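Please open the model in your viewer and keep the selection panel at hand.

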Amino acid sequence: MTTEGKSHPGRRYCLRGQLNEARRRFVLSEGENCIGRTEANSLVIPVPQVSRHHARLELGPQRMELSDLGSHNGTFVNGVRIKHAAVEPGDLLGFGPVELRLDELDAGDVDLAVVLPAASRTAQPLFSSDEDTSMHVAPSLSGLPGQKSRELVFPDGYVAGRSHAMRRLYKQMRPLLGARMPVLVEGETGTGKESVAQTLHLSSPRHAAPLVAINCAAIPSDLLEAEFFGIGEGVATGVRKRSGKFLDAHGGTMLLDELAEMPLQLQAKLLRALDRGKIEPVGATAAPVDVWVIAATNTHLQERVEQGLFRRDLYHRVAGYVLPVPALCERREDIPRLVVHFLKEAAAEDDKALAGVTHRAMGMLSSYHWPGNVRELELEVRRLAYACTPGEAIESTMLSESLQNAEFAEPCVQEEESLRLAGQVRNTERRAILKALEHAGGSQRLAAQLLDISRTTLSRKLRKLDILPRHQPPPGP
């Protein structure tokens with residue numbers, strides 16, 4: 001507790017703490033904030049030991065003062081019972097048995113960037129959850145033989161990207177529909193390579209036939225051959241006849257996931273099966289198969305070839321067309337849409353009504369580099385939904401430690417985009433601003449002086465370049 005109790009014009013404050021075993025946040029208004037048990041108060045604490053009109057917290061331009069209103073169980077500041085006292089951010093304010101901390105809010109954690117249906121519609125979101133966030137069903141194919149549709153049909157629940165990187169990927173996929181050309185899908189772990197393969201299958205004339213996936217890294221090498229090609233009856237005692245994945249996918253599509261991990265010995269047999277269009281089950285006669293082969297890998301398969309870990313002839317057999325799936329940091333524009341989708345799913349599973357996501361929280365989610373890509377983002381959003389109190393919004397303080405400690409998000413730029421003059425100028429400008437902010441300890445005022453530009457110009461560039469400093473000290477005089 002202090003005797004100063006100074007308030008800063010333009011700052012926003014809240015009371016934060018546990019209430020009825022749930023984490024709550026009460027955003028305070030300038031002027032009088034009446035606190036008590038009844039609905040007549042601006043801040044309602046529905047606890048029997050809190051008086052109907054318990055206390056008043058005044059936030060003025062020159063003072064922050066808490067006053068007790070004759071409550072039965074007392075009003076406290078940092079454990080000391082008071083009648084009137086000046087307070088400041090960080091103080092613990094007690095109302096009977098309820099203790100809440102007075103915190104200063106970042107402006108971005110007051111308003112919502114994403115408003116879910118349960119939230120008040122008085123907020124003005126940058127991105128509304130009412131927009132179409134899934135786009136998961138395109139016009140269906142008729143399936144007529146020989147028909148080559150150029151429409152993509154996405155798997156149920158898939159969130160189609162609208163970023164430049166994803167639109168380019170979809171443009172590359174369309175000419176492949178209806179073709180027999182083998183496709184190699186390359187991308188980092190968690191980028192959604194399997195969803196790309198599913199989209200290709202659902203969009204092709206083979207969509208009515210099975211899509212059979214086999215993870216080449218998850219099955220022991222001594223069992224892979226039987227899994228691929230099947231096994232005949234009576235090969236060994238107790239061994240039952242098995243058709244194998246290739247026959248299961250006959251007429252449809254075969255997804256060879258993590259193909260780079262396939263043992264060299266099996267690579268030779270796979271190459272022979274693809275070349276001949278026949279498989280040779282263990283202990284049985286050869287059988288013809290008709291499959292469209294889509295392979296996926298999180299490594300550059302060509303590098304594995306150069307290292308002698310993958311057959312060159314098999315590489316050319318499966319890499320008829322290479323589809324590179326962009327990392328999430330290359331498609332940041334899609335992050336808000338993905339956040340809304342995962343948040344809605346998690347809230348529905350937990351039967352929890354959430355208000356939405358604040359501007360600052362969404363900004364930090366959008367600027368993070370996401371080494372685990374979409375999969376990591378989904379896990380983070382589901383964790384946030386689980387931790388968030390029903391009826392409340394997800395704010396920046398709830399984000400995981402890795403995001404909290406990410407001072408500045410470096411851009412993830414694709415090579416061909418980095419060659420454009422505008423892109424080079426943007427990246428150079430961004431690096432200069434990040435360096436200035438680092439030298440200035442996050443102070444925008446000092447950073448503007450180092451860059452020899454005005455504070456207003458710096459603020460505009462920060463918004464334009466999506467630079468989100470983690471810590472911003474109060475502006476100086």
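**Helix pairs**

Select α8 and helix α9 (residues 359-367), whose axes come within 9 Å and cross at roughly 115 degrees. Helices here are DSSP runs of H or I with at least four residues, strands are runs of E with at least two, and both are numbered from the N terminus. The axes are lines fitted to C-alpha atoms, for helices over the stretch in contact, with angles running from 0 to 180 degrees between N-to-C directions. α8 and α9 are therefore roughly perpendicular to each other, given that angles of 65 to 115 degrees count as roughly perpendicular, those under 35 as roughly parallel, those over 145 as roughly antiparallel and the rest as oblique. The crossing of α8 and α9 is right-handed, a term used if the near helix is turned clockwise from the far one by less than a right angle, with anticlockwise giving a left-handed crossing. Show the side chains of Ile335, Pro336 and Val339 on α8 and of Met362, Leu365 and Ser366 on α9, which make the contact, contact meaning heavy atoms within 4.5 Å. These contact residues divide into five nonpolar, one polar and no charged, where Ala, Val, Leu, Ile, Met, Phe, Trp, Tyr, Cys and Pro count as nonpolar, Asp, Glu, Lys and Arg as charged, and the others, Gly among them, as polar.

Before moving on, note that this is a predicted model, in which local features need pLDDT of at least 70 and side-chain atom pairs count only at pLDDT 80 or more, while totals for chains, interfaces and linings use all residues. Residues are numbered from 1 along each chain as its sequence is written, and side-chain values use heavy atoms, with hydrogens and water left out.

Next, select helix α3 (residues 221-229) with helix α5 (residues 264-276), whose axes come within 10 Å and cross at roughly 15 degrees. α3 and α5 are therefore roughly parallel to each other, and α3 passes α5 in a right-handed crossing. Leu224, Glu225, Phe228 and Phe229 of α3 meet Leu266, Lys269, Leu270 and Ala273 of α5 in this contact, which by class has six nonpolar, no polar and two charged residues.

Then go to helix α14 (residues 444-451) and helix α15 (residues 455-464), where the axes come within 9 Å and cross at roughly 100 degrees. That angle makes α14 roughly perpendicular to α15. On α14 the contact is made by Gln444, Arg445, Ala447, Ala448 and Leu451, and on α15 by Arg455, Leu458, Ser459 and Leu462.

**Pocket and cavity**

Now select Gly190, Thr191, Gly192, Ser195 and Val374, which lie nearest the centre of the second largest pocket, among its 27 lining residues. On a 1 Å grid over the protein atoms alone, a pocket is an open set of points with protein on both sides within 12 Å along at least five of seven lines, a cavity is a set where a 1.4 Å probe fits but cannot get out, and lining residues have an atom within 4 Å of a point. This pocket holds about 580 Å³ of space, a volume being the space filled by probe spheres set on the points, which are joined across faces, edges and corners. α2 gives the most to the pocket lining, with five residues.

Finally, select Arg23, Arg24, Arg25, Cys388, Thr389, Glu392, Ala393, Glu395 and Met398, which line the second largest cavity. About 50 Å³ of space lies in this cavity.
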